[in-house]
Amino acid sequence: MAPLLLSLNLKWRPLNLKATATATNKVTEVPLPEKIRNSRILVLGGTGRVGGSTAIALSNFCPDLQILVAGRNREKGEALTAKLGGNAEFVRVDIDDVNSLETALKRKLCRSRNSCCWSLPMRRKVYVLEAAINTKTAYIDVCDDTNYAWRAKSLMKRASDANVPAIITTGIDPGVSNVMAAELVRAANESKDKPEKLGFYSYTAGTGGAGPTLLATTLLLLGEEVVVYNKGEKIRMKPYSAMLNIDFGNGIGKRDVYLMNLPQVRSAHQILRVPTVSARFGTAPFFWNWGMESLTTLVTPEFLRDRNRVQSLVQLFGPFVRALDGITGERVSMRVDLECASGRHTVGVFSHERLSVSVGISTAAFALAVLEGSTQPGVWFPEEPQGIPIEAREALLERASQGTFNFVMNRSPWRV
């Protein structure tokens, strides 16, 4: 198998899983085949909250993995590697410097037959994926930007020709939510039913503990028109509009959610062939929703698409956001709804006490799937069977849901 860069045969049966474990960093160790047990994984952005959480989850899943924490801040990186133990090492990498990135890949990864790279793109160009292809390093990333995701998807032929497997938009939402949707659709197809409407809903208390990072990402998304599909027709709508009140089940309850432009809408529509698809997001306390809804009216889209201006807003509100996060906590929940022609309505729900921990565990689950050889060469979304094969989905969801306080699949809405 090609090396792997983190930038982060069973008969199928409908899943009906429920997780009740307390939220924790601890996960059940995963027995890996001998040939990949000592694989190397380069975690780009490893000194950040999500990257660090991913490195911890990987170490807990597989203590034998050699984890390379890559970033600019040596102090933070070495502090993390000290916690991870002897199999971890800090590597100073500036991902804005292509030479720095490729040097790290060539020197650190290509000595090992099996390795992986994880990246948190944050709306950057796709040169991280390009570097992974150039060095024949398998790749996954965490990304919620639609344009970035499809630019990465355009490298399909290059990745395939280089025999490099890559999965884009991993994590929880998008990521695990895509796999949940794929399983709901598969269950409907197995029952000879016709999927007609797919809804992605997500909720985060405050910024989920991610602070300025999630705030910046959300503000940038407010500058984008929302793409939804209605009976096969592509429709553009105002961001943070068309509010719905959705029940996320035990521990979360009913929350208001609003339209957002997220990549799983287009990928699910095209790959799962569901004619009506949309995605919505909401947060707490309630006045954050009001504030973001107001921004879409009071501030021009051009302002919200300007990274420098958005960063100024984040710096202005940052101290208040961090203080509020200490009160709201960082619970996260996703709900995926599928409605079929027969009137059948099934849902999946995924809820965790801590967003950062949950993203790390979920991203690590995708990395393990790639290391195990499930992913074909090419660039894939999580719901594509060439990325996560149908027979590997249940194992991925079981791993990703560790630590959740509520995880159910293929349930009727009233049973969540």
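This report describes the cores, helix packing and some backbone details of a predicted model.

## The nonpolar cores

The largest nonpolar core holds 85 residues. Within this core, L58, L65, M180, L198 and L368 touch the most other members. Helix α13, which covers residues 355-371, gives the most to the core, with 12 residues. The core also draws on two domains: at least three of its residues come from domain 1 (34-171 + 356-402), and at least three from domain 2 (176-355). Another core, of 31 residues, lies apart from the largest one. Its members include V128, Y139, L155 and A162. In soluble globular proteins, nonpolar side chains tend to be buried together.

L198 can be looked at in more detail. Neighbours within four places in sequence are left aside here, and the contacts of L198 are then A181, A268, L272, V274, T276, V277, S278, V336, D337 and L338.

## Helices α7 and α9

Helix α7 runs over residues 172-190 and helix α9 over residues 263-271. On the α7 side, the contact is made by D173, P174, S177 and N178. On the α9 side, P263, Q264 and S267 take part.

P174, one of these contact residues, has its place in helix α7. The peptide bond that joins D173 to P174 is cis, with omega about 5°.

## The buried side of α14

Which residues are buried in helix α14? In this helix, made of residues 390-400, they are A392, R393, E394, L396, L397, R399 and A400. An α-helix has 3.6 residues a turn, so residues three or four places apart point the same way.

Several elements cover the buried residues of α14. Among them are the helices α1 (49-61), α7 and α13, and the strands β15 (345-352) and β17 (406-411).

## V257 in strand β12

V257 is found in strand β12, which spans residues 254-259. Is V257 buried or exposed? Its relative accessible area is 0%, so V257 is buried.

Apart from neighbours within four places in sequence, V257 is in contact with Y201, S202, A242, M243, L244, I246, F248, R280, F281 and G282. V257 and N289 are 32 residues apart along the chain, and their C-alpha atoms are separated by 8.4 Å.

## Backbone details in the loops

A cis peptide bond also leads from A284 to P285, with omega near 0°. P285 sits in the loop between β13 (276-284) and α10 (286-298).

Two residues other than glycine have a positive phi: K231, with a value near 55°, and A242, with a value of about 50°. K231 is in the loop between β9 (226-230) and β10 (233-237). With a relative accessible area of 75%, K231 is exposed. A242 is in the loop between β10 and β11 (244-247). A242 is partly exposed, since its relative accessible area is 35%. A242 is also one of the contacts of V257.

Conventions:
Residues are numbered from 1 along each chain as its sequence is written. This is a predicted model: local features need pLDDT of at least 70, side-chain atom pairs count only at pLDDT 80 or more; totals for chains, interfaces and linings use all residues. Side-chain values use heavy atoms; hydrogens and water are left out. A nonpolar core is a set of buried Ala, Val, Leu, Ile, Met, Phe, Trp, Tyr and Cys residues joined through side-chain atoms within 4.5 Å. Buried means under 20% relative accessible area, exposed over 50%, partly exposed in between (1.4 Å probe, protein chains only). Helices (H or I, at least four residues) and strands (E, at least two) are DSSP runs, numbered from the N terminus. Domain bounds come from an automatic or database domain assignment. Contact means heavy atoms within 4.5 Å. Axes are lines fitted to C-alpha atoms, for helices over the stretch in contact, and angles run from 0 to 180 degrees between N-to-C directions.
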